[in-house]
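Please find my comments on the model below.

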Amino acid sequence: MVLIKIAFRNIFRHKKRSALTGLMMGGGCFLFAVFIGMVDGTYGNLIDMFTRDHTGHIQIHKKGYLDKPSIYKTLNGPGSIGIKIDSLAHIQSWAPRVYTPALAFAGKKTTGVKLTGIDPPKEERTTRIRHKVDRGRFISATPLNEVVIGDGLARVLKVDLGGEIAFIAQGADGSIANGLFTVVGITGKSEGAIGSSTCYTHINSLQEFLSLGGRVHEIAVVLMDESKTIRVVDLIKKALDDPLLEVEPWQVVESQFYRAMQADIKGNWYTIMVFTIIIAVGVLNTILMILLERTREFGVLKALGTRPFQIFLLIVLETACLAVLSIIIGTAAGIFANWMLSVYGITYSIPIEYGGVVFDRLTAKITLRSLVLPALIIFSTAILVSILPAIRAARIIPVKAMRST
Amino acid sequence: MHEDVLKVQDVSRIYSTDGLKVNALRSVSLSIKGSEFTAIAGPSGSGKTTLLNIMSGLDTPTSGSVMLGGKPINTMKGSELSDFRRDHIGFIFQSYNLIPVLSVKENIEYIMLLQGIGEGERRTRVASILKQVGIEGMEDRLPRQLSGGQQQRVAVARAMVSNPDIILADEPTANLDSATGASLLDMMRELNEARGMTFVFSTHDTMIMDRARRLVILKDGKVAKDEVRK
Ligand SMILES: Nc1ncnc2c1ncn2[C@@H]1O[C@H](COP(=O)(O)OP(=O)(O)OP(=O)(O)O)[C@@H](O)[C@H]1O
Ligand SMILES: [Mg+2]
């Protein structure tokens, strides 16, 4: 259509102004792409670290355990639950856990701790707890009353590898449980705040210590792909079909972390909104200048028999052409930047602790929405902003327009 | 021998600005027949531009009617008026007013493109009109690469190429030197004779008036004289 030709060529009439307007739109597109790419990349990373470090993607408890943990709220027959889980799609692995608060004594020192019983081979397949051991080794596969403790706890209790810690807790049968455990490993600082009170021991040692029999408090499930979490929660619920069990995604289990993350993401959207408004004002300014400069020309086109709607189209098309050009360049730059960030990342000089997880690298991810959303935002903003000036151009009265030179 | 192409009947135009009323046209009646070559002359402020604008539907009369090809254009609006102008009226402006981003050829094609005329037909028409207005070989230039006289020739070509019923030109030679203006007029007259195209143009210039075959003289918004020459 001849209108597209006119619109397109008009972009190159005021090269500097078009370049500036294009830079705003393209730059905005680039910025949004990197922004969204980093949100997707960094939060994806963060979620991954968070879930694979300890939480898992899905947790199963006895009803009410999450609200008010108690050693009495147990799952019977974790093995049979595990078999049902293993038969489902998207599952990577699962691990049973036993928890209890306990008092720890070493020499003259004493402190409160959270004893966690884990199944070493299963835990290893499910989370990265094993790799957190800095000194010494991980708990052996056979129950030998061994513990792995955090660096912070080791300092509080003044124990080191080979040292012994006595624990006192309340057993499931109401008795006072006490036992002596040997420190075989110490986890590093990278565990953050949790590190100061966590002790890992063999699940069977802890079950015996608490007289729990074969019962556990928690089953953590890890999936091949985090994005399937909500769907798999439903699958597990259906497979277990037990109203006394609670199957919850990590978003519920770690709701505080999840809410903090959501608030952060919302903040990012506000930033995008502010930038969009700035771009809209810039584009509007350019279109109004075009309208002012070319009033006479639009008058002539109308006098020649161009319909009002065609004049309207001319303005919208000119904006659209410039927007598309800018978006192509901005998106290409955005993809490149996201790719660079996804490969090299930015390492923080000071690691940031976020919801108990320490992370020190900013990365991006090239996602579909990091390409499509910025383009859509910029394009629709440009078109929206051009509509009113375009209506004004369509209403130009040729006689008046041609009198004013 | 020819029918009336354009009929202006009892047209008045009153401009009111800041409470001040100007009677630009007072009860003007005028008929233009097919194949006429008419000049509208008169002193500055006599209403020439106002009359041409009303004839073309760019302006509406305060009272009276304008019929083009039997249709009243003073009551048309919006797209209907746009389409009617596009299909029936050719325009030549004092300051050329070519579309600056389109080449000579594309400028001439513009109205045909709006009309949706096919490429083959467009090409033959453009080729023949280029020859007739004497700007062959310049079809790929942009307007700013042409002299004023050449630009006005392109404007004549643009007005003619869609075969309108009438071509209206408000002081087409005012921006040209007298020799260039005279040769433009000669060319227009040739086109009038060769193709029977109806022209109405306004002018101040006696040399230009002399080239008209009918001369209408306006004075204070009224027709003071209307004579057919040789
Ligand atoms: N838009 C307008 N508003 C108010 N008065 C106007 C307007 N247009 C024209 N006039 C007045 O109407 C009268 C006729 O003007 P018009 O432009 O038709 O004259 P003209 O014969 O074309 O003059 P010129 O030879 O200078 O071009 C003049 O007195 C002019 O001042
Ligand atoms: Mg005039």
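The numbered points take the ligand site and then the helix pair.

1. The model is predicted, and the points below should be read with that in mind.

2. Residues from both chain A and chain B surround ligand 1, so the site is shared between chains. The shell holds 14 residues, of which B:Ser44, B:Gly45, B:Lys48, B:Thr49 and B:Thr50 come nearest to the ligand.

3. For B:Thr50, an N or O atom of the side chain is 2.5 Å from a ligand oxygen. The corresponding distance is 2.7 Å for a polar side-chain atom of B:Lys48 and 3.1 Å for one of B:His204. On its own, ligand 1 has 620 Å² of accessible area, and the protein covers 71% of this.

4. Two elements of chain B, β2 (20–33) and α1 (48–55), each give two or more residues to the shell around ligand 1. The largest share, 3 residues, is that of α1(B). By class, the shell has 7 polar, 4 nonpolar and 3 charged residues.

5. In chain A, helices α10 (residues 295–303) and α11 (residues 308–343) have axes that come within 10 Å and cross at roughly 145°. The crossing of α10(A) and α11(A) is right-handed.

6. On the α10(A) side, the contact is made by A:Phe298, A:Leu301 and A:Lys302, and α11(A) contributes A:Pro308, A:Ile311, A:Leu314 and A:Ile315. The contact of α10(A) with α11(A) has 6 nonpolar residues, 1 charged residue and no polar ones.

Note on methods: Residues numbered from 1 in each chain as written. Chains lettered and ligands numbered in written order. Predicted model: local features only at pLDDT ≥ 70, side-chain atom pairs only at ≥ 80, totals over all residues. Heavy atoms only, no water. Near = heavy atom within 4 Å. Polar contact = N/O pair within 3.5 Å; in protein donor to acceptor, adjacent residues only side chain to side chain. Areas by Shrake-Rupley, 256 points an atom, 1.4 Å probe, with all protein chains shown as cover. Helix = DSSP H or I, 4+ residues; strand = E, 2+ residues; numbered from the N terminus. Nonpolar A, V, L, I, M, F, W, Y, C, P; charged D, E, K, R; others polar. Axes fitted to C-alpha atoms, helices over the stretch in contact; angles between N-to-C directions. Left-handed = near helix turned anticlockwise from the far one by under 90°. Contact = heavy atoms within 4.5 Å.
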